[in-house]
Amino acid sequence: MTALNLDQLEVDLGAHKLAAGNLRLQRPALALARAKEGQWNFSELQPPADKGQASAPVSQVAAPWGLQLKGLKIEQGSVRLLDAASSAAPLALNAEQIALDLQGLAWPAQAKPMPVNLSFKLGAAKRGAVPLGQLQWQGKASLAPLGASGNLRAERLPVHLLNAYLDPAWGLYLQKAELGLRGQFNAQLLPAGLNAQMTGKVLLADLLVHQSRQVDGQSLVGEELLSWQALNLDGLKLSVKPGSPPQVSVADVMLDDFFARVIINEQGKVNLRDLGPVDRKAAATAASSAASPVEVAAASAAAQPASAPGATMPISIGQIRVAKGRIDFNDRFVRPNYSARLSELHGSLGAFSSERAEIAPLSLRGRVAGTGQLDVSGNVNPLGKPLLLDIRASATDIELAPLSAYAAKYVGYAIERGKFSTNVQYKVDPGGALQANNQIILNQLTFGEQVESPDATKLPVLFAVALLKDKNGVIDVEVPIKGSINEPEFSVGGVIWKIIANLLGKALSAPFSLFSGGDGADLSQFEFAPGTAQANAPGAIDKVAKMMDERPGLSLTIKGWADPVGERAALQERQLEEALLAERQREMQRQQTASATRQVEAGLTLSEAERTRLLKPVYQAAKLPNKPKNMIGFAKDIPAPEMRALLLASYEVSNDKVRALALERGVMVRDALIAKGLPNSRIFLGAPGLHDSAAEPGQAWKPHAELQLSAH
């Protein structure tokens with residue numbers, strides 16, 4: 001201290017009172033230090049307690065001294081703080097150019113608030129070229145009860161100096177952050193607790209947070225985790241009352257030029273999961289493993305300790321705006337490593353509150369990997385309990401080649417080219433039920449060389465891709481999701497993967513079910529009338545032809561089937577019909593008329609009357625060893641039913657004839673598809689099959705031709 005001036009002093013020894021005028025201190029300096037064990041340097045100035053002296057009676061205890069000071073001025077003061085007991089490195093902090101103007105101080109009791117003007121500059125002890133932060137307070141203060149009020153102004157206060165007090169368990173290193181403040185406050189420390197109100201605006205600028213890691217017991221600063229240029233809180237209102245949680249409301253939040261990094265390390269863990277004290281890491285792990293904002297919110301809610309209703313801090317936000325945002329994603333778990341960036345993020349979230357169930361409009365746009373477009377819109381209340389949201393998001397034209405590392409690891413093939421687009425919709429109702437739909441579009445997905453990977457699926461991926469890809473090279477599938485975020489093991493990512501796996505499994509086991517148009521028809525089989533090559537539902541040919549036309553990467557194999565036992569009677573009926581037609585054709589040829597010739601060329605059909613009439617000449621011409629004869633040895637006339645029975649029994653049904661019927665069925669389907677424009681080069685006839693009904697007794701079997709798909 002360079003000078004101390006006191007213009008007046010009165011001492012009343014009997015009343016233990018001091019009455020002073022104006023006290024002026026020039027360049028006072030104070031050095032505060034705390035040892036690693038937590039002991040302050042000023043504690044040595046306190047007189048030791050005399051344990052051997054008996055306490056004096058209360059009536060003999062002298063009255064405490066009182067002080068009345070007209071005014072106090074401090075000019076060019078300074079305070080140096082050295083705290084070796086902080087969690088991290090020792091903190092060295094300087095407060096400089098301290099200026100204090102205080103009027104009407106009365107101690108120990110101060111019933112009347114006294115005017116106060118205080119200002120100082122704050123910074124690190126070894127600041128170099130870094131400018132000091134400034135704080136100004138103009139208002140009033142009181143001692144009974146202890147309180148303060150007035151206008152508060154702060155500029156570039158170095159919040160990063162508080163990094164020394166961060167718990168190492170959080171895994172964070174606050175490298176830089178500067179606080180600006182304009183506001184009015186009123187605070188009193190009452191017997192029941194703190195009673196305070198504050199209004200104004202806050203600016204947290206130039207924030208830079210790194211993630212620290214432990215190496216050989218020492219914390220080392222790692223990669224940049226979070227940063228932004230400016231976070232503005234405008235229209236801030238803070239209220240603290242005894243026995244109640246603080247209440248916070250902000251009219252407008254603006255986040256500008258921000259960056260965040262998400263890393264999956266070599267062990268497959270997300271960097272965000274290691275943030276926070278040990279007792280909260282389980283919740284962070286659950287949140288970081290989710291595939292969407294829905295799971296993050298659900299895990300955060302589950303991690304909060306149980307409390308009575310109304311015990312949590314009420315928060316109300318008028319709107320949130322973001323601009324020039326970037327998010328880096330780096331996956332070091334796969335080889336080679338994969339990196340992606342969300343950039344040019346900008347958008348807004350409307351008014352929401354933890355005390356109201358209303359959801360706020362959300363709008364967010366940006367770019368994915370520099371080329372893809374990201375668009376998120378809908379409604380959400382991030383502070384709602386329970387969580388409420390109804391959002392839609394789309395990402396278009398994301399390059400697939402950078403994802404080749406994932407394809408090699410989990411699919412077994414590298415990706416040469418392609419683009420990815422998606423449209424998702426998530427809705428969570430107040431009961432926690434989730435209804436969502438994910439549309440996945442892969443355009444021109446082309447696999448490269450096969451890669452050996454123990455994690456690769458065993459499914460025939462190339463066939464699945466060819467099966468799902470249309471003639472324009474596009475795979476377009478929808479994945480609906482249902483579940484409840486209240487279930488402890490619920491995971492959107494897990495549900496999506498399970499549904500996709502089921503979709504692929506269904507596509508590979510029953511591929512034609514994907515193309516039935518939702519009517520449940522089984523296009524993998526064409527049923528026929530017993531003993532014939534006439535399809536029961538010829539219209540299904542159109543659907544198969546359309547499906548094959550839209551998927552040029554597929555080939556089709558047709559295998560006809562017939563049953564020697566089950567279709568024996570039908571084949572005999574067919575041979576009788578052919579004999580009747582042949583007899584009618586001979587009749588018409590003998591007539592040698594123009595109308596008869598045209599009818600033969602166009603194909604014959606028989607009426608029941610004609611069948612009855614033609615049965616006798618066919619029977620007479622047939623060489624049957626068991627024909628009934630009259631007394632002189634000639635074939636005698638018998639009723640039509642008996643002739644028909646004898647003729648049918650005489651027709652042989654060999655395996656060759658049954659096999660020919662099965663082949664005829666396959667040819668019929670092939671020719672019908674070719675007639676629809678399908679190239680013959682993509683259709684193959686399989687060897688005809690004979691069904692063994694004896695090997696499968698009691699099972700319903702129908703004559704059919706079987707269709708099988710393959711990639712070519």
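In the predicted model, the side chains of K419 and E399 meet in a salt bridge, with a distance of 2.3 Å from N to O. K419 belongs to strand β21 (residues 413–428) and E399 to strand β20 (residues 388–399), so the pair ties together parts that are 20 residues apart in sequence. With a salt bridge taken as a side-chain nitrogen of Lys or Arg within 4 Å of a carboxyl oxygen of Asp or Glu, the count comes to 28 salt bridges.

The packing of helices was examined next. Two packed helices are described by the angle between their axes and the distance between the axes. The axes of helix α7 (residues 568–591) and helix α11 (residues 655–675) cross at roughly 85° and come within 12 Å. The two helices, α7 and α11, are therefore roughly perpendicular to each other. On the side of α7, the contact is made by L571, R574 and Q575, while α11 contributes K657, V658, L661 and E664. Sorted by class, the residues in this contact of α7 with α11 are three nonpolar, one polar and three charged.

Helix α7 also meets helix α9 (residues 608–621): their axes come within 9 Å and cross at roughly 90°. This angle makes α7 roughly perpendicular to α9. The residues of α7 that make the contact are L576, E577, A579, L580, E583, R584 and E587. Their partners in α9 are E610, R611, R613, L614, L615, P617 and V618. By class, the contact of α7 with α9 has seven nonpolar and seven charged residues, and no polar ones.

On the surface, a nonpolar patch is formed by M1, L4, L6, L9, V11, L13 and W65, which together have about 720 Å² of accessible area. Strands β1 (3–6) and β2 (9–12) each supply at least two residues of this patch. Another member of the patch, L13, is found in the loop between β2 and β3 (17–26).

Two features of the backbone were also noted. The peptide bond from A144 to P145 is cis, with omega near -5°. P145 is located in the loop between β8 (133–143) and β9 (146–158). In strand β15 (residues 320–331), which contains K324, the phi angle of K324 is near 55°, a positive value in a residue other than glycine.

Methods. Residues numbered from 1 in each chain as written. Predicted model: local features only at pLDDT ≥ 70, side-chain atom pairs only at ≥ 80, totals over all residues. Heavy atoms only, no water. Axes fitted to C-alpha atoms, helices over the stretch in contact; angles between N-to-C directions. Helix = DSSP H or I, 4+ residues; strand = E, 2+ residues; numbered from the N terminus. Parallel < 35°, antiparallel > 145°, perpendicular 65-115°, else oblique. Contact = heavy atoms within 4.5 Å. Nonpolar A, V, L, I, M, F, W, Y, C, P; charged D, E, K, R; others polar. Patch = residues over 30% accessible without salt bridge, like charges linked within 9 Å, V, L, I, M, F, W, Y side chains within 5 Å. Areas by Shrake-Rupley, 256 points an atom, 1.4 Å probe, with all protein chains shown as cover.
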